[in-house]
Amino acid sequence: MTIATAAQSAPTSTGYTLVHADPHDLDITANVRDGVDITADPEFVASIAAHGVLQAVSAVRRTDGTLVVHDGQRRTLGAREAGLTSIPVMVREQSDDEKAAGIERITEQVVSNDQREDLTTGQRAAAVTGLLDLGLNVQKVATALHVPKAYVEKAGRAGRSERARRQLDDRQLTLEGAAILADLEDAAQTEPWITEAIEQIFDNRFGFEYRLATLQRRIDERAETTAAAADYIARGFTLLHDEPSTSEGEWYTLVDLRTADGAAVPADAPEQAPHLWHVHVHETGIIWVDKTTREEVDEDDIDFDTEGDDEAEAEAYEELRHANTVEKVTAWGHEFFLHHDRRTAAGLELSPEKIAAADTEGGGDAEDGLTPAQRKAARAEAERIEKERAERRKVKALNRAGATATEARRTFLTGLLSRKDVPKNATKWMVTTLSTHGDVFTESKCSERYAEIMGSSLREVTRKVDGATAARAEVLLLARVLTAFEARLTGPQDAKDYWRFSSKHYRGMVGIDSYLTFLADSGHTLTPVEQAAIGNITVDTAYAAVDDDA
């Protein structure tokens with residue numbers, strides 16, 4: 001903040017100090033209604049341009065040094081419009097009493113404005129943020145504004161971003177999406193690449209919320225990867241979050257290189273010079289480990305019938321392990337890469353096979369010491385390796401998108417099934433679909449998906465139906481059908497890879513096309529991975545859409 005203090009006076013008896021500050025540096029967001037159009041009063045702006053701000057603005061200095069305008073919003077806006085760079089401001093340090101007064105002021109502004117003309121969604125979010133900044137916790141804000149705690153949590157995040165508030169007011173994002181956008185902008189302060197990714201999402205002009213959520217998931221994955229690679233990073237390796245291509249001559253693996261005397265590079269060579277090498281860590285699956293020693297345990301050695309039982313009360317069968325002594329964790333693998341500009345420093349040469357593979361013209365020059373057959377085999381092997389790497393990148397991106405799509409779809413289902421009546425043609429769809437796919441109710445995890453989406457177990461359905469209207473009872477029936485199909489779509493492992501085949505028999509996914517089409521007809525926007533799952537687009541087309549954001 002730029003504040004001129006040369007003309008600063010001594011504090012007055014009221015505790016205020018006169019300073020001169022740039023009006024652009026003053027925070028006027030403390031006034032809940034932030035939509036004042038100062039250009040609608042040109043005479044007021046002209047007066048300020050000619051005579052300056054004659055009555056000092058009143059402000060409070062927060063602990064971070066920010067000057068928050070309490071009285072003088074129009075004067076501040078008029079000074080900005082007039083192009084002034086300095087105006088008089090009476091400043092008072094923020095005290096506990098000031099915080100309490102600020103809480104009261106914001107609360108009153110929200111309540112009184114709600115009683116007259118509704119505040120915009122963005123303005124309400126900003127008000128929630130202001131109350132949280134003043135020290136109220138989520139529960140107290142919820143109580144003061146008579147709103148759910150979940151709303152306060154999301155609005156408090158969304159209100160920190162001007163762009164998020166604007167997107168809320170323009171109805172381009174829901175509150176959940178606006179909160180994600182604000183979180184991403186915070187993350188961009190330390191990860192500048194996120195800013196470019198956000199801009200790319202909004203340049204696409206569609207699917208903002210889904211793409212923002214996918215970007216957030218990507219950031220979360222990077223954090224998990226960083227944690228998994230902590231030991232390598234501590235030893236001096238540079239972490240690669242994305243697996244690089246080795247076909248363009250920019251990156252090399254151990255097998256692509258040879259020592260100065262032509263020998264294979266020792267497997268521990270990266271460990272001898274970690275400052276020269278990069279490491280890429282990746283998930284290799286899920287394993288079971290001993291809770292105490294962290295050593296891997298064979299799944300066949302675990303007695304899962306003892307899961308949840310006290311070890312003293314339920315002994316494992318014969319030589320098997322008690323289920324409570326193990327836990328499921330992600331297993332990680334790693335691969336070392338050397339950048340081309342560090343190859344000389346590492347004292348390494350390209351292998352003959354790598355040289356041959358790079359010779360895309362196939363001229364047959366014998367400088368690599370290989371026969372034509374060996375050269376051809378080297379190129380084929382390089383193509384195979386790169387194809388595998390490309391496929392892994394594709395699967396990773398589509399799985400990430402699949403997981404995000406599942407969250408969005410289940411949120412939609414929760415909203416859809418909270419209605420008092422079913423969408424148009426729902427009954428006809430259920431009759432037609434169940435006549436062919438009635439076995440969907442036997443799907444694994446069927447009960448779990450119902451409980452997750454409806455917020456209560458299947459055992460509660462009878463009680464709910466007893467007091468329900470006929471229309472609501474029909475909604476409960478629809479919930480039973482839709483959640484069963486959701487269980488079929490993601491399978492017993494809650495899989496992310498339902499995008500893999502348009503074939504309806506992939507993992508028994510019969511009827512999934514009808515299920516997702518019904519959701520689309522009911523207002524759900526199908527994501528690229530969902531479109532691929534039912535054959536509306538190819539997997540490659542879905543990947544192209546997903547990869548745009550990566």
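Which helix gives the most to the lining of the largest pocket? Helix 15 does, with eight residues. This is a predicted model: local features need pLDDT of at least 70, side-chain atom pairs count only at pLDDT 80 or more, and totals for chains, interfaces and linings use all residues. Residues are numbered from 1 along each chain as its sequence is written, and side-chain values use heavy atoms, with hydrogens and water left out.

**Largest pocket**

- The largest pocket has a volume of about 1200 Å³. (A pocket is an open set of points on a 1 Å grid over the protein atoms alone, where a 1.4 Å probe fits, with protein on both sides within 12 Å along at least five of seven lines; volume is the space filled by probe spheres set on the points.)
- Its lining has 37 residues (lining residues have an atom within 4 Å of a point).
- Glu283, Val395, Lys396, Asn399 and Lys496 lie nearest the centre of the largest pocket.
- Helix 10 (208-228), strand 9 (277-290), strand 13 (326-339), helix 15 (372-416) and helix 22 (539-547) each supply at least two lining residues. (Helices, H or I of at least four residues, and strands, E of at least two, are DSSP runs numbered from the N terminus.)
- By class, this lining has 18 charged, ten nonpolar and nine polar residues. (Ala, Val, Leu, Ile, Met, Phe, Trp, Tyr, Cys and Pro count as nonpolar, Asp, Glu, Lys and Arg as charged, and the others, Gly among them, as polar.)

**Second largest pocket**

- The second largest pocket has a volume of about 960 Å³.
- It is lined by 32 residues, with Glu209, Tyr210, Ala213, Thr404 and Ala408 closest to its centre.
- Helix 8 (175-187), helix 10, helix 15 and helix 22 each give two or more residues to this lining.
- Helix 10 provides the largest share, nine residues.
- The lining divides into 13 nonpolar, eleven polar and eight charged residues.

**Helix 8 with helix 10**

- These two helices pack at an angle of about 45°, with their axes 9 Å apart. (Axes are lines fitted to C-alpha atoms over the stretch in contact, and angles run from 0 to 180 degrees between N-to-C directions.)
- Helix 8 and helix 10 are therefore oblique to each other. (Angles under 35 degrees count as roughly parallel, over 145 as roughly antiparallel, 65 to 115 as roughly perpendicular and the rest as oblique.)
- Glu176, Gly177, Ile180, Leu181, Asp183 and Leu184 of helix 8 meet Glu209, Leu212, Ala213, Leu215, Gln216 and Ile219 of helix 10 (contact means heavy atoms within 4.5 Å).
- The contact has seven nonpolar, two polar and three charged residues.
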